[in-house]
Amino acid sequence: MTTTFELTKLLRENIQKLVPYSSARDEFKGEASILLDANENAYGSPLERNFNRYPDPLQHQLKLKLSGIKGVPARNMFLGNGSDEAIDILYRACCRPGIDNVILVPPTYGMYEVSANINDVAIKKVNLTADFQLDLNGIAEAIDANTRMIFLCSPNNPTGNSLHREDVETVLANFNGLVVIDEAYINYSRQKTFIQELTEYGNLVVLQTLSKAWGLAGLRLGMAFASEEIIEIFNKIKPPYNINLATQELVLKALDNIDTVNAWIKETVAERDGLAEKLHALPYVLHVYPSDANFILVKIDEPRKLYEYLVAKSIIVRDRSKVELCAGCLRITVGTPDENKELISALEKFS
Ligand SMILES: *Cc1c(COP(=O)(O)O)cnc(C)c1O
């Protein structure tokens, strides 16, 4: 392992050579009164408001606003149609199908593996330790000449805990490929984000999303933060208009309401901690895993039975009992106070 990171060595040759699509909105960006360059419908849309014009391909306004909130320059930011788009682009940029590999650290978010399979990229799994932390020796041993990326998720889904910061830093400092840190749940965490470390680590990619704390899962907006050099690659590969106009406009509006979101985060964290205590008190609960996210992993005797019981009561949780290191586990998302009360009341009647 060496620590000199060179992005060009990591990129697939076809991506290094790629000439990206140049859209009408790339070629003319100014103000004009008659736009006859993009084959749009000049009459409008059959709606109360018009969506007949293509959106800004690079979402300048949106990035500027996000930049103010995140404290990261717009040039270090890629916006995707959900985090999933960013994950897929990373595979396509760096991994030669049938040749290269990535390291995943189960139990973790399922999309890293699905996206690897779609792109025909081999996976090396290095399970987390019993307390869901990184196995640094295992990771070091798994890395070979064709290892292009390591995906880390902190706070981790489905376990809920944050990874030890020093361990993540060790991986960042010693791995000569991309380290992708998925911070989908960072707003609920006691841990600090890694987005302030972009100047420190050229191989760092941080993923965040508006799908969780911001309550905008239906609009599909994922963010990747990385060096300018990496962001340029994202922009080269992405579909020209990957963030639609409705999403760009609605997210701009939503970002004005950060106080509401911060209040929800506070309440969710308080509800989570209350829920954890109540779960702990249930006689059939074997373990309540500490959570830095908006969900709790619990281990019980008969997870499937409890799952079915809750479904019959119209309460749906996630059965994770077939996942590595999660035998017996259900994952429960924190709801509103009323929903959590109903959940607990149902759980107290189960035996
Ligand atoms: C929910 C979640 C996401 C969000 O994905 P989007 O495509 O942005 O909705 C990303 N990573 C993890 C670990 C998640 O749990």
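A polar contact is a pair of N or O atoms within 3.5 Å. Keep that in mind as you walk through this predicted model.

Stop 1: Select the ligand and the side chain of Thr209. An oxygen atom of the ligand lies 2.7 Å from an N or O atom in the Thr209 side chain. Then pick Asp182: here a nitrogen atom of the ligand is 2.7 Å from an N or O atom of the side chain. How much of the ligand's 380 Å² does the protein bury? The protein covers 93% of the area that the ligand exposes when taken alone.

**Stop 2: the shell.** Now show the 14 residues around the ligand; Asp182, Tyr185, Ser211, Lys212 and Arg220 come nearest. Colour the shell by class and you will find 5 nonpolar, 5 polar and 4 charged residues.

**Stop 3: the two domains.** Zoom out and colour residues 7-254 as domain 1 and 259-349 as domain 2. Their centres, taken over C-alpha atoms, are 29 Å apart.

**Stop 4: where the domains meet.** Select the 23 residues of domain 1 that contact 20 residues of domain 2. Together the domains bury about 1,800 Å², with 61% of this area coming from carbon and sulfur atoms. Highlight Phe132, Pro158 and Tyr188, which supply 34% of the area domain 1 buries against domain 2, more than any other three residues.

**Stop 5: charges at the interface.** The two domains share 2 salt bridges.

Technical notes
Residues numbered from 1 in each chain as written. Predicted model: local features only at pLDDT ≥ 70, side-chain atom pairs only at ≥ 80, totals over all residues. Heavy atoms only, no water. Domains from an automatic or database assignment. Contact = heavy atoms within 4.5 Å. Buried area = accessible area lost by both parts, 1.4 Å probe. Salt bridge = Lys/Arg side-chain N within 4 Å of Asp/Glu carboxyl O. Near = heavy atom within 4 Å. Polar contact = N/O pair within 3.5 Å; in protein donor to acceptor, adjacent residues only side chain to side chain. Areas by Shrake-Rupley, 256 points an atom, 1.4 Å probe, with all protein chains shown as cover. Nonpolar A, V, L, I, M, F, W, Y, C, P; charged D, E, K, R; others polar.
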